[in-house]
Amino acid sequence: MSGNASRALRCAAASALAGIGLSLIGAGVAVAADSYTLPFYDPTVTLSYGVDRDRRLDHQIDWTGQAWNDGDPHYGRVYDQHTGSDFPMALRSEVAAAREGTVVDTEGGFGTTQFGTFGNFVLLAHPDGNRTLYYHLASSADGGIAVSVGDSVPAGEIVGKSGCSGLCFGAHLHFEFLIWNVTGRTWAFVDPIAERRWTTWPGRVPFLASYMRESNPGTEVIKRGQTITHWVEFRNDGGRTWRNTGVGRIALATWDPPAHASPFAASDWTYPWMPTSVDVSGTAPNGIGRFTFGIRAGPPPGSYLERYNLVMLSVHWFDYERIGSFYIPITVNN
Ligand SMILES: [Zn+2]
C-alpha cells in the first residue's frame, strides 16, 4: 500500500478484549444512496478501538468526540495514534467489501498469526475515489486472501478472512478508510464512524434480515397438480438496499442443501431452486421486502417441509445463524 508509512505500526496496542463492546447494530438512519457498510457479516462483532482523530502523541479524540490527554487505550473508543477501526473476530472469519470496488493491492505471504512489522491485507479502490484497507488477514495459503489485483468486487463480496498477521495481539480486523489528500499528495486515513460514511449510522453488516410474516403461517394444503400463491416478508436489517435486478438483487432460494431443485417449483419460478426476487426494488434498510411466488403441488399426496433462505445472488447467502431462512409445511391432497 503506497503512501502510508504508518502501516507498520497498525494495531500495536490492539487486543481482543471480550465483553463490553459498543454495539454497532442499532436503529440506524437510512440515507438516500448506499455508501459503505461494516466489512463483515457476523452481526455480533463490535468495535474494540476506533480511529484516533488527534494526531499528536498522548492526545486522543474518539469517534464520539471525547478527548483524552493520555496514551492509555480506551476500550470501545480509541487508542493513541490508531489509524483504523478494530473489530475483534475469530480467526478466519469472513471479511466483506464495505462497498463495490476494484482490488488495487494485496499481501498474503505472511502467516495467519505471524507476528512482525508487516501483515496480510487487501486494499480496495471505490467509485467515489476513496479506498478501504482490510488488515491483519490470514495467509493466502490459509484462504485469507480471496481476491486478486484488478478484480472488480461487488459490495458485500468476501475479500478475505481474518487473521492476526503483523503487529497484532489478538485476532481482529483492522479496517481503514482512506481519502486522497490533494495537498499532501498522499492517502490519509479518516474515521468512517465519526464522519458517518456508512449507509446507516453507526453502521450495519451488508445483508441481514428478520422474518416478519407470511400469507399463511400454517400448513399450505394443496390439491395435487394445483398451484397456490404464497408470500413472505422480511425486514431489511442490513446496510444495503435490496433490489430485484442487477447488482444487489435479493432473491428467495431453497437451501439445505442450498440451491436444491424443489419439487414444488411453479411456472413463475426463476429457477427450480429460486422462486423469486424481492417484489419491489429499492427496499432500503429498515424497509420491509415481500417475496411472492407460486407453490405447485407436484409430488404425490403426503406431508412435506420446504426450506427457503434469502440470498444476494453470486455474493452471499443470508445464512448467518440461519438468519433470513424459514420453511413452509405443505400437505398435498388428491
Ligand atoms: Zn487497528
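Modeller: A nonpolar core is a set of buried Ala, Val, Leu, Ile, Met, Phe, Trp, Tyr and Cys residues joined through C-beta atoms within 7 Å. A residue counts as buried if 20 or more other C-beta atoms, placed from the backbone, lie within 10 Å of its own; it is exposed if there are 12 or fewer, and partly exposed in between. The model is predicted, and local features need pLDDT of at least 70, side-chain atom pairs count only at pLDDT 80 or more, while totals for chains, interfaces and linings use all residues. Residues are numbered from 1 along each chain as its sequence is written.

The largest nonpolar core has 64 residues, and those with the most contacts inside it are Phe40, Val122, Tyr134, Leu137 and Val159. Two or more residues of this core come from each of several strands, including strand 6 (120-125), strand 7 (131-137), strand 10 (172-181) and strand 14. Strands here are DSSP runs of E of at least two residues, and helices are runs of H or I of at least four, both numbered from the N terminus. The core also draws at least three residues from each of domain 1 (1-204) and domain 2 (209-333), the bounds coming from an automatic or database domain assignment. Apart from this core lies another, of 6 residues, among them Phe264, Ala265, Ala297 and Ile330. In soluble globular proteins, nonpolar side chains tend to be buried together.

Phenylalanine 40 shows the packing in detail. Beyond its neighbours within four places in sequence, Phe40 is in contact with residues including Val45, Phe87, Met89, Leu173 and Val205; a contact means that two C-beta atoms, placed from the backbone, lie within 7 Å.

Strand 14, a contributor to the core, also belongs to an open sheet of 3 strands in the order 12-14-17, with antiparallel pairing. The edge strands are strand 12 and strand 17 (288-296), each of which pairs on one side only. Two strands pair if DSSP finds at least two bridges between them; strand 12 and strand 14 (residues 227-236) have 5. Within this pair, glutamate 214 stands opposite valine 232 in strand 14.

For the whole protein, there are 0 helices and 20 strands, and buried residues make up 45% of the 334 residues. The mean pLDDT, which is the predictor's confidence in each residue from 0 to 100, is 89, and 90% of the residues reach 70 or more. Over residues 1-32, however, pLDDT stays under 50.
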